[in-house]
Every structure is written in structure tokens, then in C-alpha cells.
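Subject: Structure handover

Hello,

Please find the structure below, together with its sequence. My notes come after it.

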Amino acid sequence: MIIEGIDLASGNKILADINPLKKSVSVIQKGKPVKKIYGFPVKKTLLRVYEFPFKNREKLHKAVISHLKYDLPVALDELEYSYITRAEGDTTKIFCIAVRKSDLKGFDGKSSVDSEIFALIRLLRFNGITDCTLIHFGPDYIFVMKIKDSFPQFVRTILKEEIKIYTEENTYLSGFIPDDYRSGDINLLNNPTGDTKMNVAFGLVLRALDDFGVDLIHRDRGGLISVLLKGAVYLFIAFILLNGALFGVYYFKEKELKIVKEKEKEIFIKYFGDGTPVYDPLTQAKGLVSIKGKGSVSEEDAVDLLNEIGRAKKESGIKEIYKINISGTMFTVYGKADSITKVAKFKNLLSRKYTTTIEETVNTPAGDIRFVVKGKKE
């Protein structure tokens, strides 16, 4: 499916054909996008970083609002704001972005508005970089950003004369980089087009593969990856059914497929057949296909793991599990919950059989908590 990334600072655009199942992205020249994702420039953004000694979602939200009302030079009702969270020990870090409502008018129903900050972080992650200092040259401004474990610790606009202050061994340059900064051993952040000026636009289309970011007009309430993946999985499964003779040999033997389907049906009815759309069996099927392709996880182990995830979901009371990735002895669960407490309970229940960690929690505009739990079978 085709996504268009539009850098509002420069006007640069990228069309990309996204395959959520293969997690692949291909830049194309023509096509009709199903989604347009805009990158809001830092120079027109109000940014705040907070740290609170608690994790309760309701308390965090109230604390953020209270601090924004005190910190920002503009009345809060004139702004749209969104934030991401990162739990660290007993504290929670908040990175908040606020923009004027007047700057968000005119976007159509196919649009979402992210920040160029998260577009660049996704591009860094795409290149395997999670800790660094990034200096981005916009068309008429420069900003520096320090990230740790992909979470922004510090962002501010700077003058050209200040660049040397922030240049260190682990510094990358991005955007409209002047020629005199391209020489020597300096690291350049780039994208598959080979043009650093397209970094933000490419990072925006990556939103279809990496949901880390915000939507300042609050239209991606269900999560863009979840929506795209669901559609892609339906098409993928339909394709397998229509071409079973060809693809059955590659993915499963016919006997193994029947066994997996029966087990999948039992698990779904047992844990997810209560009328709530918390687990799509087609997504489960997609996960099993990827497992068989790797050849490193037995059918019984995969079903046992899904069984444990279903039991933990039911006992913890989390709202939704929308994606599961399984590779070798590792697995990743993506879901939504009403509170941090339920996420922690879900993780602890899985810890009875697996080594698990909460990798990420993000407050959504709808008031839920989107989380990522990773685990390993010992």
C-alpha cells in the first residue's frame, strides 16, 4: 500500500510502497497514497521534557496538563499537544510536543501530522542507530537532538556557530547539510534515495512500519500499523487460499497447516471469543507463517506461547493485543491497556514461564496506553 511522506519545512515529498508483512519499503515515483503523513517542523513547535516519580496514567496526564499550563507562553486551549512516555525504574519520562491549532488547519481525512523529530528517530532506527546526537539542517533553521534508546532526551534549535559545541564522536548530520560539513570523518544520516534532504520525508513513510511518534490532529487512534497490517494480512491470507498449491509447500505441509489451524481455533475461542476485538486470528496466522519460514520454532512451542499470551491477556484485563512477532526463542507483543498497572500485570504473568520486559509505553490520544512487551524462552 502506498504512503506519502510530506516534510512541511522543505516541501519535500516521498511516495513509498509499504509491505507491512515483509516490513519492506520501496520508494516509487507514481501512485495514489492511502495515507498522507506530514512532518511538522521543530521551529514552529513548543517542546517540553518532564520526569515524574510515578507511573499511573491518570496522574501522569494531569501532571502534564498542569506543567504545560505553567510552562508554555501560549494558552493551552490555543494549542494541540501530544506526548510519549518512557518508564525508567520508578519514574516516567515524558516528551511533549505542542503546536498552535491555527497551524493545523486544512489537512484532509487521509492525513496525520507527526513531528519531524519522530520521523528522524524512525530513520535512525531504520539505520540501526538508537543512541546518538543528531544535528538536522532544515531549509532555514538548525536543530540538535540527543536520543537515548530512541527516546529524545534533548531538542533545541541552534545557530550555525553552535554546531561545534554539540559535535562529538557519535554525532550524525542530516538534512540540508552545507558542503563544508560533509568532509572529514563526520557521520551522515541518509536514506535509500541517497539525498539527505529527503530524510524527514522518508522517516515519515516509515510510520507505516514503526508506530513510534504522535499524531497532532489525533486521527491515528487505532495505530497506523494496526490498520495497515490488518488489511495486508487479509490480502495475504486470501492470496494463500487462492494459491494454496503453490504456497503451501513453501510455508507448511498440508498436515501441519490443519493442526495449526485447529490449535489456533481452540485458543481463539478459549481466550478471545468473548465478543471483544482484542486478537485477530489472521494476525495470529501471519505470525505462524513467519515462524515456519524461520524454521527455528517448533509448532508445539509456538502454540504454547500463544496459549500463555492468551491466558495472560485474560487474567490481566488488558484491552487489546494487535500484533505478535515470534523469532527463534524471542517474541514481542504489541497491545493496548487502560493503565500501566495492567501492562505490568500482563508482563508479570508471562514472566512465570518466560523472561520478559516492558520495552515501551505510549499514551494515545484516545487515552489508552500502547505498550510493547518483549520476552525470551530460556
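Predicted model: local features only at pLDDT ≥ 70, side-chain atom pairs only at ≥ 80, totals over all residues.

Residues are numbered from 1 along each chain as its sequence is written, and side-chain values use heavy atoms, with hydrogens and water left out.

The sheet

Helices (H or I, at least four residues) and strands (E, at least two) are DSSP runs, numbered from the N terminus. Two strands count as paired if DSSP finds at least two bridges between them. In general, strands of a sheet pair through backbone hydrogen bonds, either parallel or antiparallel.

Here, 5 strands form an open sheet with mixed pairing, in the order E11-E10-E9-E12-E13. Strand E11 (151-158) and strand E13 (187-188) are the edge strands, each pairing on one side only. Helix H2 (residues 116-126) packs on this sheet and touches E9, E10, E11 and strand E12 (171-175); contact means heavy atoms within 4.5 Å. The direction of H2 makes about 55 degrees with that of E10, where axes are lines fitted to C-alpha atoms, for helices over the stretch in contact, and angles run from 0 to 180 degrees between N-to-C directions.

Strand E9 (residues 132-137) pairs with strand E10 (residues 142-148) in the antiparallel sense, over 6 bridges. His 136 has Phe 143 in E10 as its bridge partner.

A residue in E16

Asn 363 lies in strand E16 (residues 355-363). Is Asn 363 buried or exposed? Asn 363 counts as buried because its relative accessible area is 9%, and buried means under 20%, exposed over 50%, partly exposed in between (1.4 Å probe, protein chains only). Leaving out residues up to four places away in sequence, Asn 363 touches Arg 57, Tyr 83, Thr 85, Asp 368 and Ile 369.

Salt bridges

The whole structure has 19 salt bridges, each a side-chain nitrogen of Lys or Arg within 4 Å of a carboxyl oxygen of Asp or Glu.

- Arg 86 and Glu 360 meet at 3.8 Å, N to O. This pair links distant parts of the chain, 274 residues apart, with Arg 86 in strand E6 (residues 79-88) and Glu 360 in strand E16. Both residues are buried.
- Arg 122 and Asp 114 have their closest N and O atoms 2.8 Å apart, and both are buried.
- Asp 338 and Lys 342 meet at 3.4 Å, N to O. Asp 338 is partly exposed, at 28% relative accessibility.

Regards
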